[in-house]
Amino acid sequence: MTESGSKLRIFKFLKIIISSLLITVLLLFTIAAIRTLSLDVNAGLQLAHWEKTNNKSLVIDHHQREELLANFKEAIRIPTVSFSNTESNTTALHEFDRFLRKAFPTVFSSSLVHHELVANYSHLFWVKGSQPELVPYMLLAHIDVVPASESDGWEAPPFSAKEIDGFIYGRGTIDDKNNLMGILQALEYLLLKGYAPRRGFYIGLGHDEEINGLNGAMNIVRILKQRGVQLLFVMDEGLTISDGIIPGLEGPAALIGLSEKGQAAIKLSVSVAPGHSSMPPRETSIGILATAIKRLEDNPMPRLFGYGPEGDTFEHLAHKFSLPLKFIMSNLWLFSPLLSRILERKPVSNAFVRTTTAVTFFNAGVKINVIPSLAEAYVNLRIHSAQSVQEVLDIIKDTVGDQRVKVELVDGFDPLPISGADDKAFGFQIIKKTVLDLFPTVTVAPGICIGNTDSRHFVDLTKNIYRFSPAWFKPGDPERFHGINERISTKNYEEMIVFYFNLIQNCDIRKLPEPHSSVHEL
């Protein structure tokens with residue numbers, strides 16, 4: 001074969017390769033473009049024919065508005081603070097019990113409602129349904145709040161419930177007395193209107209959620225288990241309606257949490273012989289431990305975007321973004337690695353991408369001229385849905401890579417199971433319908449809670465747990481959660497009551513309608 005002939009064959013071969021690559025790229029681009037133009041996973045059961053029900057309407061008059069706001073403000077003024085795992089304001093918890101009985105007399109006196117006190121301070125309500133064959137559901141909220149001090153810079157004292165420019169300020173206004181009071185106020189109004197549910201339901205109000213719910217929620221679960229109760233779904237606090245918070249998103253979005261990240265507390269420690277600072281060794285206990293921590297911070301957990309419900313979140317929201325983000329989010333099958341790298345750049349969105357690692361305590365040293373024998377640090381991890389506590393622990397040991405550093409699991413739990421969000425997921429679709437009935441311009445999408453709630457204790461009672469609060473969060477509001485100037489608008493609190501008023505009635509259907517969706521699958 002001549003040299004020119006060999007070059008010609010190589011040229012033809014390269015031409016075939018390049019042509020094949022171009023055709024593949026063009027094909028992928030065409031598929032992605034079609035999907036971008038047609039995908040709208042949010043167009044779901046709101047278009048379907050729902051079972052006809054005689055839902056009662058709620059129009060709040062001036063007198064009711066004054067009364068419900070007065071009750072809400074009184075709830076905020078009661079400092080039901082959980083200080084630590086061993087210390088709560090039990091005086092305030094007793095006061096809150098008396099307040100609830102006064103604020104909602106119909107709830108506590110109705111023959112349809114059975115109430116019991118659990119673990120001295122928590123509350124369990126059973127609202128009997130007229131059709132006992134319908135599986136009951138449960139609404140959760142919690143009574144306790146985290147500590148707050150006016151000296152931190154509050155615009156109004158944190159337990160004053162002061163109203164400023166249409167907002168009520170105070171600890172608990174968004175975590176979680178807004179949901180607690182909204183649920184009970186809605187039930188009070190329903191009962192006053194002569195409502196009797198077809199589907200029975202429970203209301204659980206824990207008193208120690210902020211310190212892990214080990215007495216409140218766990219004892220409520222124990223009681224329900226003893227009675228053989230299984231639940232259709234559970235709804236607890238969680239994600240909210242975000243308006244202007246997600247960059248590039250057109251309009252507000254209601255995110256319904258399908259799961260929660262797991263959590264682990266891990267202790268790192270180094271023990272060496274103590275010594276005098278005038279004769280220091282090459283490495284001290286502090287230096288060894290500091291190096292280990294630096295390795296953890298320099299080597300974050302692997303990116304796992306798309307292996308949990310966070311992928312569905314962006315796909316559901318894709319049609320509300322402008323190009324090029326719309327193109328990217330509509331085609332996560334192709335662009336997940338790219339979006340993952342974009343999201344990890346900011347702490348808020350990085351939490352969706354991976355298990356996060358935060359060093360929260362570092363203890364060492366007793367005297368300026370003494371080399372400490374012991375150095376300790378504690379690391380808090382929020383575990384991605386695709387990992388387990390054990391996997392995270394193994395990665396930390398490998399990353400530290402120093403046998404002088406002892407790595408111990410203090411406590412932790414795996415990520416929660418992922419609840420359904422398809423056309424057959426009763427709880428998700430009922431919440432979605434209720435949101436869209438009240439807020440028709442909102443986009444609804446599944447999400448994941450990066451924090452933890454009492455609902456994690458209910459996994460043995462149902463496979464379907466949803467974390468959602470019909471509270472509106474605008475820019476700056478997420479920082480108020482457990483922060484200063486926690487607040488809610490009077491309008492939004494009233495909307496929350498209407499939401500629960502409608503949700504309870506929407507649950508009375510026997511089954512969901514047949515799917516009528518415009519979802520396009522590859």
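Modeller: Start with helix α2. Its buried residues pack against α3 (90–103), β6 (163–164), β7 (167–169), α5 (177–192), β19 (487–489) and α14 (490–506). Contact means heavy atoms within 4.5 Å.

Colleague: Where do these names and numbers come from?

Modeller: Helices (H or I, at least four residues) and strands (E, at least two) are DSSP runs, numbered from the N terminus. This is a predicted model, where local features need pLDDT of at least 70, side-chain atom pairs count only at pLDDT 80 or more, and totals for chains, interfaces and linings use all residues. Residues are numbered from 1 along each chain as its sequence is written, and side-chain values use heavy atoms, with hydrogens and water left out.

Colleague: Which residues of α2 are buried?

Modeller: L68, L69, N71, F72, K73, A75 and I76 are. Buried means under 20% relative accessible area, exposed means over 50%, and partly exposed lies in between (1.4 Å probe, protein chains only).

Colleague: What is the length of α2 set against?

Modeller: The expected span is 1.5 Å times one less than the number of residues. α2 (residues 62–77) has 16 residues, and 22 Å is expected. From first C-alpha to last, α2 reaches 23 Å, which is close to that value.

Colleague: What makes D61 a cap for α2?

Modeller: A side-chain oxygen of D61 lies 3.2 Å from the backbone nitrogen of H63, at the N-terminal end of α2. A polar contact is a pair of N or O atoms within 3.5 Å; within protein, one must be able to donate a hydrogen and the other to accept it, and residues adjacent in sequence count only if both atoms are side-chain atoms.

Colleague: Now helix pairs. Why are α3 and α5 called roughly parallel?

Modeller: α3 and α5 pack at an angle of about 30°, with their axes 11 Å apart. Angles under 35 degrees count as roughly parallel, over 145 as roughly antiparallel, 65 to 115 as roughly perpendicular and the rest as oblique. So α3 and α5 are roughly parallel to each other. Axes are lines fitted to C-alpha atoms, for helices over the stretch in contact, and angles run from 0 to 180 degrees between N-to-C directions.

Colleague: Which residues of α3 and α5 meet?

Modeller: F96, F99 and L100 in α3 meet K177, L180, M181 and L184 in α5.

Colleague: What makes α7 oblique to α12?

Modeller: Helix α7 (residues 285–298) packs on helix α12 (residues 389–400) at about 120°, with the axes 9 Å apart. That makes α7 oblique to α12. A292, R295 and L296 in α7 meet I396, T399 and V400 in α12.

Colleague: What holds for N219, buried or exposed?

Modeller: N219 has a relative accessible area of 19%, so N219 is buried. N219 lies in helix α6 (residues 216–226). Its side chain reaches the backbone oxygen of N215 at 2.6 Å. N219 also touches V118, A119 and L214, not counting residues up to four places away in sequence.

Colleague: Why is N120 called exposed?

Modeller: N120 has 52% relative accessibility, so N120 counts as exposed. N120 is in the loop between β3 (113–118) and β4 (122–127). Its phi is positive, about 75°, although N120 is not a glycine.

Colleague: Why does D165 count as exposed?

Modeller: The relative accessible area of D165 is 75%, so D165 is exposed. D165 sits in the loop between β6 and β7. Its phi is near 50°, a positive value in a residue other than glycine.

Colleague: What is the omega of the cis peptide bond from L323 to P324?

Modeller: Omega is near 5° there. P324 lies in the loop between α8 (310–317) and α9 (325–329). The bond from D175 to D176 is cis too, with omega near 10°. D176 is in the loop between β7 and α5.
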